[in-house]
Amino acid sequence: MPRRSLPLAPLSHLALVFAAACSAPRPAPTPVPEPQPADAPASTPEPVAYALSPVFEKDALVALQVELRLRGDADGLTRLKLPDHWGTARELWTLMRDFTVEGATVSPDDDPSIRQLAAAPNAPLVVRYRVVSGFDHDPHAQDGQPFLPIIRPTWFDVFGEALFAFPEGREDDPATFVWRDAPAGFHFASDLEHLAGARPGVVGDVVESVVIGGPGLRTRADGQVRVAILGDYDFGHDAFFDLSLAVIASQREFWGDKDAPFLITLAPQKRIEGSMTYGGTGRSDAFTLSVAENAAIADLRHLLAHEYFHTWNARQLGGQAEGTAEGAGKWFAEGFTEFYTWRLLLRAGIYSPEDFVTAWNEALVEYWTSPVRDEPNARIVADYWNDHAVSRLPYRRGPLLAAIWEQRLRQATAGARDLDDVLQAMRAKVQASPVKFAPDAASVFPPVYRELGGPDIAADLERFVDQGTAIRMPADVFGPCVRVVDSVRRNFERGWDVDATAAAGHVAGLRKGSAAWRAGLRDGMKILERDGKPGDSTVPYVLRVRDGKRERIIRFKPEGDKEIPLQQLELAPGLTPERRAACARELSGA
């Protein structure tokens, strides 16, 4: 679930292009199935029937109404799990209102996210409640990734984890879904609409979903792939649609998958002068993006490709551990996804070789300059959701290990195998398992890698993942087209305290003696616009500031006092068109 936040970034100067197709008409809602009599056979569980409706007050959307129709548990006590935590959001049940149950007596549990429903065995139950917004404003570019439900007067965008309750222990029970009672012109999109098709749905699909809607929602479809967009951006809706289709086609070709239902949703974050942010979250048959309206379409190539690759990694390659242990395997789930994001974008021609090298170099700078670079994997387990620098670490370790291990596999098999073969074999192993696969993908990878001829990587895992030792790639790890070179640079230092400055609305916490201070920046000045590259001390900063009643331009190189070793990629110079095309094939594994 990557999130990139660029405080005080320059505004894009792209012209706004609005070329959206009209929303596709929705089929008439199907009736919500009523539970069968209490003596119905229990061999085939009845579906848990979900219904969702908008709630208005004076024509303003104020909540979403959720209804569950289900049969109670056979022992007469059903534990209903309410929305609780998702991403960085906590106690989501506090956003529920007007909770009622027909057919059972409700009592609390020691866990505040649980409601105990006492009724006759297998009794039919109807649960209703409303969910209100976790935001009292339209989310903007400084809000970060919005895991809380967004319900605004004219639109909504909500994760299923923040919306839907479910009977505990019954995530694999069949489920149905219907969107109903919306006024004409109030459009809706969700991967839950896939449950009405050929693919049977279960309760877990409902919880892991996304719903989005509003009069301004625009959708387009190509086969079974749909794109639903809210907001006006500095790129055309058609440009986003075309990019989405190209990314999806390239990755489905890699996995050999045919056309299947898939949804991409895009919701806006209001532009703030000097800021830009974007991020996304993968679902099993969808991914959802939240993007500042001043984002550039080129910035979304990586985001789309990364999130779509999560359709397979880690869920189809062995999954991820649950709870706090999830962070232990992020080096594979997120790090290998990064490796394949860059690889497949290049293979599809969406990236050029220069784009590929640039993406790697930005990641390498982030890795080598990270304040937590040498932290052990246990730190990631503990603080993945608590510390941004910690959460980024597995994204940066994983690609380095993937590149090194691929080189070793190719050497060990005389070029007959690469990581593509390993991931395909992992998927086949999981699919062939007669029972639900218990290990997570990070633990499936090493033995499959060995089975295909790779060397034992247990020592690498202990050293580079468990202990956190810095990972240095061999100079020839990418072959003859790209060399890995060692260099040294000064640490990146803006000079001011970013959080204090954001809170104060003007420069605060400026370090006396910093490059910014030497250039003339002072506490109390207001930064109006900034040109530079956060994290890269080699790119000069140019600030337009308000100093009292006048504006000034302040230029400086954001270098600190420390020298940091790092590695960078260099593309071979003087490539002919033919050699350039061959390099693109080699670097992309094609």
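In this predicted model, helix α2 (residues 237–255) and helix α3 (residues 300–309) cross at roughly 40 degrees, their axes coming within 10 Å of each other. At that angle, α2 is oblique to α3, and the crossing of the two is right-handed. On the α2 side, the meeting residues are F240, L243, S244, V247, I248, Q251, R252, F254 and W255. Their counterparts in α3 are L300, R301, L304, A305, Y308 and F309. Sorted by class, the residues of this α2 and α3 contact comprise 11 nonpolar, 2 polar and 2 charged.

A further helix pair is formed by α5 (residues 335–347) and α6 (residues 353–368), whose axes lie 9 Å apart and pack at an angle of about 170 degrees. Angles over 145 degrees count as roughly antiparallel, and α5 and α6 are therefore roughly antiparallel to each other. The crossing of α5 and α6 is right-handed. Helix α5 brings F339, W342, R343 and L346 to the contact, while α6 supplies P353, F356, A359, W360 and A363. The class count for the contact of α5 with α6 is 8 nonpolar residues and 1 charged residue, with no polar residues.

Turning to the strands, an open sheet is built from 4 strands in the order β6-β7-β4-β11, and the pairing is antiparallel. For β6, strand β7 (residues 114–118) is an antiparallel partner, joined to β6 by 4 bridges. Within this pairing, S107 has Q116 of β7 as its bridge partner.

These elements can also be placed in the setting of the whole chain. The secondary structure of the protein chain amounts to 14 helices and 24 strands. For its 590 residues, the globule rule gives a radius of gyration of 25 Å; the value for the chain is 26 Å, close to that figure, so the protein chain is as compact as a globular protein of that length. Along the principal axes, the C-alpha atoms of the chain fill a box of roughly 75 × 70 × 45 Å.

The α2 and α3 pair is oblique, whereas α5 and α6 are roughly antiparallel. The contact of α2 with α3 includes 2 polar residues, while that of α5 with α6 has none.

Conventions: Residues numbered from 1 in each chain as written. Predicted model: local features only at pLDDT ≥ 70, side-chain atom pairs only at ≥ 80, totals over all residues. Heavy atoms only, no water. Axes fitted to C-alpha atoms, helices over the stretch in contact; angles between N-to-C directions. Parallel < 35°, antiparallel > 145°, perpendicular 65-115°, else oblique. Left-handed = near helix turned anticlockwise from the far one by under 90°. Contact = heavy atoms within 4.5 Å. Nonpolar A, V, L, I, M, F, W, Y, C, P; charged D, E, K, R; others polar. Pairing = 2+ DSSP bridges. Rg over C-alpha atoms; globule rule 2.2 N^0.38 Å.
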